[in-house]
Amino acid sequence: MTAPRFITFEGIDGSGKSTQARALAQRLKKAGQDVVLTREPGGSPGAEEIRQLLLTGDPDRWTAETEILLFTAARRDHLEKTIQPALDAGKIVISDRFADSTRVYQGATRGDLRGTVDQLHDLMIGREPDLTFIIDMDPATALSRGLARQSGEDRFEDMGLSFQETLRHGFLSLAHAHPNRCVLIDGNREAEAITSEIAAHL
C-alpha cells in the first residue's frame, strides 16, 4: 500500500477523534509534510453553512432522509473545494469525519437507509479515504464529554445515550466490514497513548 494521503477519523460524539485528528496533523507537519486538516460537516464555506443547519436546533428538526441529502450536499462541496484540490496538489488531507459518519448516523441507526446512503455516495461523492481511524469508547463517558463542551452544536448528543450506543455498534460493524481501510482504536485511555498508537500505525 502506498502512503495514505486521505486520512479520516470517525467515532461517536465525544470520542476524542477531533483531538486525535489535530494531533496527527501537527505530528505530520513537524515531520515536514504538507497537511490540510478539515472536518465534516463543513470544511468549505458552503459546507460550513450547511453544518449549522444540521448540528443545531431540535433533535427532530430533520428526518433521516433529509439529513442524508444535506450531508451529501455538504460533502460534495467539501470534496470539490477542499479535499480534491489538496490531494491533487500532493498534500495529505486529514478529515474529522467523512462518509462513514453518514453511513452510521443516518444509514444504520435511524431507519434502514444504508442502501440510500450508499447510492448517493456512489453517485455524488465516489471517493473513499485511504485510511480511517475509528475511535471506540464507552458511550456514556463520550456523551458526558460531548455535552460538557456546550458547543451549541449538540443536536445529535441531545438524542440521548441509547442513540450513542447504537452509533457505537454501527461504527464497530463498519470497522469489521472494512479491515483493509479501517483501524479500530481503543479510546478509553489517555489522549497521549491514543496519539502514540495512531502514529505507530502510520
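With a relative accessibility of 21%, Arg127 counts as partly exposed, because buried residues must fall under 20%. The model described here is a predicted one.

The surroundings of Arg127 bring together residues from several parts of the sequence. Leaving aside residues up to four places away in sequence, Arg127 touches Phe6, Leu79, Gln84, Leu87, Phe98 and His121.

Three cavities of 30 Å³ or more are found in the structure. The largest cavity has a volume of about 50 Å³, and its lining consists of Thr72, Arg75, Ala99, Thr102, Arg103, Val117, Leu120, His121 and Ile125. His121, one of these lining residues, is also among the contacts of Arg127. At least two lining residues come from each of helix 3 (64–88), helix 4 (99–105) and helix 5. Sorted by class, the lining of the largest cavity has four nonpolar, three polar and two charged residues.

The second largest cavity holds about 40 Å³ of space. Around it stand Ile12, Ile134, Ile135, Asp136, Met137, Arg168, Phe171, Leu172 and Leu184. Strand 4 and helix 7 (161–177) are the elements that give two or more residues to this lining. Here the classes are seven nonpolar, no polar and two charged residues.

Definitions and conventions
Residues are numbered from 1 along each chain as its sequence is written. This is a predicted model: local features need pLDDT of at least 70, side-chain atom pairs count only at pLDDT 80 or more; totals for chains, interfaces and linings use all residues. Side-chain values use heavy atoms; hydrogens and water are left out. Buried means under 20% relative accessible area, exposed over 50%, partly exposed in between (1.4 Å probe, protein chains only). Contact means heavy atoms within 4.5 Å. On a 1 Å grid over the protein atoms alone, a cavity is a set of points where a 1.4 Å probe fits but cannot get out, and a pocket is an open set with protein on both sides within 12 Å along at least five of seven lines; lining residues have an atom within 4 Å of a point. Grid points are joined across faces, edges and corners, and a volume is the space filled by probe spheres set on the points. Helices (H or I, at least four residues) and strands (E, at least two) are DSSP runs, numbered from the N terminus. Ala, Val, Leu, Ile, Met, Phe, Trp, Tyr, Cys and Pro count as nonpolar, Asp, Glu, Lys and Arg as charged, and the others, Gly among them, as polar.
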